[in-house]
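Hello,

Here is the structure I promised to pass on to you. Have a look at it first, and then read my notes below.

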Amino acid sequence: MKKQTIPEQKTIGEGRRVIGSLAGGREGPQVVLLAGMHGNEYIGVEAVGEVLDRLRGREDAFNGRLLALRANIRALEQKVRYVDEDMNRLWFPSIIREIRSTPEHRLSSSERREAKQLLRVLDQVEKKQNPHPTILADIHTFSAEGAMFTLPNLGSEQLDLLSGIYAPMVLGVGESLRGTALKYYHNRGLFSFALEGGQHENSLTRQNIVASLMVLLQQAGCIREGEEAPEMAGFREHLRAQTHHLPEQTELVYQHIIEEGDDFVMRPGFQNFQPVKEGQWLASDRYGRIKAQCDGYVLMPLYQAQGNDGFFIIKGRDEQEPARHH
Ligand SMILES: [Zn+2]
């Protein structure tokens, strides 16, 4: 891997790159909140800003450090998922190597330039010597209505920490998506997961993200147990109310990938975690009707023009057939 030679130097976008940061009075985990990897998911940026506002002035009682970053600044400005290419599908070691070794002005897309700037900051995070874990939360929202959820990487530590935030955990989707920052940093040893906070513009979404991040910070030991108890109890109650009716752990069984020119259209009215039956008509494209391959719950049905995953079908982990892959 090519070494960065200009670690301290400010880059053009860097002022806006950092949403905010907080250094706690005591040692603890290093938590990085990455928001706006997709520019139409700007509620995540607002929610992260609110988390920082809530913690400001309470640094003495905070263990560890918190850093919040905007991922795709240009797409956020334009409120589009991406400008030239999906920024969350280019985190392959080979592409990242190329991004690192190519001068910014010669990179082929806006997202690669953004990634280069972001890498400068994240490289510094990775370099920090810390006996405590580094946690990377990649914050997203989605186009359909329906409940929030998390995409963890497999590993019991992750499941323990994330089960504390009540959002259903969907296993296997993180692995199935190729070229995500989540997977890249997981492979580099960070504790990384995606938080899917709710529908892009639903009024609950910001609250969902704020509540889950605050509870996560407490679970991780950054906010001490008992600290601001009434506030934390309110967050937990909010999260429980959103998700109590849903299976705690689910697993991917089917992913519909959209190819260029497919003219994919999801049928209206599907929501996250809506039960579907094998053979049920879910969407159409130029080849005709797309039907559910199996019983399960539909996840992230696509109701926006940009994006190449049409929908996922998941099942409760206890409803799962014997393991398909490991
Ligand atoms: Zn997203």
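A word on terms before the notes: helices (H or I, at least four residues) and strands (E, at least two) are DSSP runs, numbered from the N terminus. This is a predicted model, in which local features need pLDDT of at least 70 and side-chain atom pairs count only at pLDDT 80 or more, while totals for chains, interfaces and linings use all residues. Residues are numbered from 1 along each chain as its sequence is written, and side-chain values use heavy atoms, with hydrogens and water left out.

Let me start with Tyr-82, which sits in the loop between helix 3 (73-78) and helix 4. Tyr-82 is partly exposed at 21% relative accessible area (buried is under 20%, exposed over 50%, partly exposed in between, with a 1.4 Å probe and protein chains only). Leaving aside residues up to four places away in sequence, Tyr-82 touches Asn-72, Ala-75, Glu-111 and Gln-306, where contact means heavy atoms within 4.5 Å. Between Tyr-82 and Glu-111 there are 7.4 Å from C-alpha to C-alpha, although they are 29 residues apart in sequence.

The loop between helix 3 and helix 4 also holds Lys-79, whose phi is near 55°, a positive value in a residue other than glycine. Most residues other than glycine have a negative phi. Asp-263, in the loop between strand 9 (249-257) and strand 10 (265-266), also has a positive phi, near 55°. Asp-263 is exposed, at 58% relative accessibility.

Next, the zinc ion. Its protein donors are His-38 (ND1), Glu-41 (OE), Glu-41 (OE) and His-140 (ND1), at 2.0 to 2.4 Å. Donors here are N, O and S atoms within 2.8 Å of the metal (3.2 Å for Na, K and Ca); water is not among the atoms, so sites may look incomplete. Along the chain, the donors follow the spacing H-x2-E-x98-H. His-38 lies in the loop between strand 2 (26-35) and helix 2 (43-55) and His-140 in strand 4 (residues 134-142), so the pair ties together parts that are 102 residues apart in sequence. His-38 is buried, with a relative accessible area of 3%, and His-140 is buried too, at 4%.

Finally, which residues of helix 4 meet helix 5? They are Ile-95, Ile-96, Glu-98, Ile-99, Arg-100 and Ser-101, and their partners in helix 5 are Arg-112, Ala-115, Lys-116, Leu-119 and Asp-123.

Best wishes
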